Amino acid sequence: MNELPKIRIGQGIDVHAFGAGDHVMLGGVRVPHHQGLEAHSDGDVVIHALCDAMLGALALGDIGMHFPPSDPQWKGADSRAFLRHCNGLLRARGWQLGNADITVICERPKVGPHAEAMRAVLAAELDCEVEALSIKATTSEKLGFTGRGEGIAAQAVVLLVQP
């Protein structure tokens, strides 16, 4: 009898309001914008959603449990540190990223021109092939907080495999 491969699926979502600033961090890439993000860390919704998806697949809670906003050491933190932590957790348990599919939801800034740079940064941080990462964007057709330009959101789904 053939054994089924060991897999786990996780999903994550993150949201941040726009605030003062001249850029947003998305997928570890500094994207010029006429506003910044209100967040305890750098507010990188792409990485935060991806971390939550990875942690969810591992049944290890969420990013807030691992990096509480009440802890001053994470004030202004580079979210790539969160991603390295989550990747370490999955590898320590014998898992590896099969693939990740990430969607950014906003009217502005335009994500498309930066998607390949984001994929490259994330692949380097996760030590995986760029082809394992999909980053795409959608608007909300001017509906809701993202449509009104009040904030930005991201969703991520990951597949973890155990070789």
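These legends go with close-up views of a predicted model.

**View 1. The annotated binding site, with Asp 14, His 16 and His 48.** UniProt, in an unreviewed entry, lists these three positions under "binding site". They're spread over 35 residues of sequence, yet they cluster in space, with a largest C-alpha distance of 10.3 Å. Asp 14, His 16 and His 48 also turn up in the lining of the largest pocket.

**View 2. His 16 on strand E1.** Here we zoom in on His 16, which sits in the strand running over residues 6–19. Its relative accessible area is 13%, so His 16 counts as buried. Setting aside residues up to four places away in sequence, His 16 touches a run of neighbours including Leu 37, Glu 38 and Ala 39, plus Gly 43 and Val 45. Further along the chain, Gly 151 and Ile 152 touch His 16 too, as does His 48. Look for the backbone oxygen of Glu 38: a polar atom of the His 16 side chain lies 3.1 Å from it.

**View 3. His 48 on helix H1.** This one is about His 48, found in the helix that spans residues 45–57.

**View 4. The side chains of His 48 and Asp 14.** What links these two side chains? They make a polar contact, at 3.1 Å.

Methods. Residues numbered from 1 in each chain as written. Predicted model: local features only at pLDDT ≥ 70, side-chain atom pairs only at ≥ 80, totals over all residues. Heavy atoms only, no water. UniProt positions renumbered as here; feature names shortened; annotations may be inferred. 1 Å grid on protein atoms, 1.4 Å probe; cavity = no way out; pocket = protein on both sides within 12 Å on 5 of 7 lines; lining within 4 Å. Helix = DSSP H or I, 4+ residues; strand = E, 2+ residues; numbered from the N terminus. Buried < 20%, exposed > 50% of the residue type's maximum accessible area, 1.4 Å probe, protein only. Contact = heavy atoms within 4.5 Å. Polar contact = N/O pair within 3.5 Å; in protein donor to acceptor, adjacent residues only side chain to side chain.
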